[in-house]
Amino acid sequence: MSTDRPVLQVLVASTRPGRVGEPVARWIARRAGEHAAFDVEVVDLAEIDLPMFAEPRHPRLGQYAHEHTRAFSATISRADGFVLVFPEYNHSYNAALKNALDHLHREWAGKPVGLVSYGGVAAGARAAVALQPVLLALRMRPVAAAPIPFVSRYVEGEGDERRFAPDAEVEKGIDAVLDALSAELGRG
Ligand SMILES: Cc1cc2nc3c(=O)[nH]c(=O)nc-3n(C[C@H](O)[C@H](O)[C@H](O)COP(=O)(O)O)c2cc1C
């Protein structure tokens, strides 16, 4: 059902089997839904399963040769803003996220984005720093960041039953990201 609320997409960047990013993103999507400021969608890069970028033309032209790019374009075009939920891999963000960002251009432009990075002691901060110039090149508007340190400490259960159980501090950081997005999207 479509409403007049802005569409917030929570993007699961990790595509790894057993990824922590999936329960984290599900928790954020539920929280964002409770916020009442957005219509929330989860965009899971593992489900979207983009191949390595192989568009002959620059994405800024929007002339996509491949059906998977056209489908991804239609998905991202629906969004008014994003929460990117991404891991730190080797002191940067993961390759699947870069590949997804590179596939499109206008679809990202001008839209506010909240960054939820995670990892070990550095909480994905180096990944978030590495991502900044890429977001700016795409003319996205980073509005807030919530780095999650030692993320696996906040994931309980096994397999499909895994759930993210943040402490008050982490919860506060994620709420601040949602508040900033809500303000940017005119509902704050
Ligand atoms: C290839 C790879 C590289 C990693 N490099 C880092 C790193 O540089 N810094 C860090 O804090 N954690 C690093 N980690 C640990 C990840 O942050 C941790 O495994 C996290 O759960 C990965 O997110 P995911 O489970 O959603 O894929 C790395 C993990 C992998 C698989």
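Let's start with the secondary structure: the chain has six helices and eight strands, where helices (H or I, at least four residues) and strands (E, at least two) are DSSP runs numbered from the N terminus. Along the sequence, the pattern reads β-α-β-α-α-β-β-α-β-α-β-β-β-α. The radius of gyration, taken over C-alpha atoms, is 16 Å, close to the 16 Å of the globule rule for 188 residues, so the chain is as compact as a globular protein of that length. That rule is 2.2 Å times the number of residues to the power 0.38.

A quick word on the model. It is predicted, so local features need pLDDT of at least 70 and side-chain atom pairs count only at pLDDT 80 or more, while totals for chains, interfaces and linings use all residues. Residues are numbered from 1 along each chain as its sequence is written.

Now, which residues of helix 1 meet helix 6? They are I28, R31, A32 and H35, and across from them in helix 6 sit I174, L178 and S182; contact here is C-beta atoms, placed from the backbone, within 7 Å. Ala, Val, Leu, Ile, Met, Phe, Trp, Tyr, Cys and Pro count as nonpolar, Asp, Glu, Lys and Arg as charged, and the others, Gly among them, as polar.

Finally, the ligand. Around the ligand are 15 residues, of which S14, G21, P87, G119 and G120 come nearest; the cut-off is a C-beta atom, placed from the backbone, within 6 Å. Strand 3, residues 81–89, gives the most to this shell, with three residues. The shell divides into five nonpolar, seven polar and three charged residues.

Technical notes: Contact = placed C-beta atoms within 7 Å.
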